[in-house]
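This report looks at how parts of a protein chain meet one another, and then at the chain as a whole. Please keep the structure in view while reading.

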Amino acid sequence: MKRAELQSYLNNFLAIDRIKDYCPNGLQVEGRDSIHKIITGVTACQALIEHAVAEDADAILVHHGYFWKGEPAEIQGMKKRRLQLLLRNDINLFAYHLPLDVHPRLGNNAQLARLMDWPDPSPLTTVEPEGVVMYAELSHDESAVSLAEQLEQRLGRPLFCAEHDDQAIRRIAWCTGGGQGFIDAAAQAGCDAFITGEVSEQTIHSAREQGIAFYAAGHHATERYGIRALGEHLAEQFGFAHRFIDIDSPA
């Protein structure tokens with residue numbers, strides 16, 4: 001497939017024009033014109049690029065790319081080394097941030113619900129963009145301790161933080177990645193628990209004072225699934241060779 005065709009497909013499939021983001025979504029670094037093999041990963045770190053070079057990939061597709069709002073514009077140090085390796089090897093870099101979080105089928109939130117078997121996930125409509133926070137009603141009450149154990153088992157790592165009184169959980173909300181600021185919206189929507197990747201100091205007080213169970217399960221750990229699902233979709237749809245590389249991060 002030609003690079004421009006893949007770019008057009010992804011931009012339309014993820015509806016990037018509908019979402020205001022903190023970074024450019026789509027093709028961030030232009031490489032070779034024809035694409036046959038894609039490497040996917042959470043973040044476009046140096047190690048992921050090196051894997052792509054070693055496997056002679058034509059494109060890298062990530063959730064966390066480059067050129068974030070407010071970052072230094074100069075191309076020096078770490079940024080220079082990453083871009084230099086991409087350009088020297090003529091590898092395309094595609095990155096999709098919020099559009100991948102909110103996609104109703106392949107997005108990070110949708111894929112976390114699938115992993116956890118949370119039924120009928122729906123967007124929390126008080127939060128924009130639609131789908132950045134999701135909620136679900138469990139079929140029966142879960143204890144807060146049991147929910148913590150399920151998260152650790154299915155994500156394959158200990159929780160960063162769990163703040164609860166082992167209350168009964170029926171209505172849960174979640175936002176993968178750095179979504180701790182949405183805990184108040186989840187509490188106001190009557191949710192019993194809120195799951196995200198990170199925690200801030202004030203998050204704990206919000207959980208305690210509003211009686212909502214809170215779980216920080218890791219930014220990387222909660223966002224491994226959308227980009228992998230997107231790569232698998234492209235492989236099935238267009239016959240690309242695809243490999244997901246999990247460059248682990250404890251954060």
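## Where α5 meets α10

In this predicted model, the residues N108, Q111 and L115 of helix α5 come into contact with Y225, G226, I227 and A229 of helix α10. Sorted by class, the residues of this contact of α5 with α10 comprise four nonpolar and three polar ones, with no charged residues.

The two helices, α5 and α10 (residues 225-238), pack at an angle of about 95°, and their axes lie 8 Å apart. Since angles from 65 to 115 degrees count as roughly perpendicular, α5 is therefore described as roughly perpendicular to α10.

## Where α5 meets α6

Helix α5, which covers residues 108-116, also packs against helix α6, which covers residues 144-155, and here the angle is about 105° while the axes are 10 Å apart. This angle makes α5 roughly perpendicular to α6.

Which residues make the contact between α5 and α6? On the side of α5 they are L112, L115 and M116, and on the side of α6 they are Q150, L151, R154 and L155. The residues of this contact of α5 with α6 divide into five nonpolar, one polar and one charged. L115 of α5 takes part in the contact with α6, and L115 is also listed in the contact with α10.

## A loop residue, D33

D33 is found in the loop that lies between strand β1 (26-29) and strand β2 (37-43).

Leaving aside residues up to four places away in sequence, D33 touches M1, K2 and R3. Although D33 and M1 are 32 residues apart along the chain, their C-alpha atoms are separated by 8.5 Å.

## The chain as a whole

The chain contains 10 helices and 11 strands. Its radius of gyration is 19 Å, which is close to the 18 Å given by the globule rule for 251 residues, so the chain is as compact as a globular protein of that length. Taken along the principal axes, the C-alpha atoms fill a box of roughly 55 × 40 × 30 Å.

Of the 251 residues in the chain, 54% are buried. Among contacts with a separation of 6 or more, 67% are between residues 24 or more positions apart. The accessible surface of the chain comes to about 11600 Å², and 47% of this surface belongs to carbon and sulfur atoms.

Key
Residues are numbered from 1 along each chain as its sequence is written. This is a predicted model: local features need pLDDT of at least 70, side-chain atom pairs count only at pLDDT 80 or more; totals for chains, interfaces and linings use all residues. Side-chain values use heavy atoms; hydrogens and water are left out. Axes are lines fitted to C-alpha atoms, for helices over the stretch in contact, and angles run from 0 to 180 degrees between N-to-C directions. Helices (H or I, at least four residues) and strands (E, at least two) are DSSP runs, numbered from the N terminus. Angles under 35 degrees count as roughly parallel, over 145 as roughly antiparallel, 65 to 115 as roughly perpendicular and the rest as oblique. Contact means heavy atoms within 4.5 Å. Ala, Val, Leu, Ile, Met, Phe, Trp, Tyr, Cys and Pro count as nonpolar, Asp, Glu, Lys and Arg as charged, and the others, Gly among them, as polar. The radius of gyration is taken over C-alpha atoms; the globule rule is 2.2 Å times the number of residues to the power 0.38. Buried means under 20% relative accessible area, exposed over 50%, partly exposed in between (1.4 Å probe, protein chains only). Accessible areas come from the Shrake-Rupley method with a 1.4 Å probe; for residues, only the protein chains shown count as cover.
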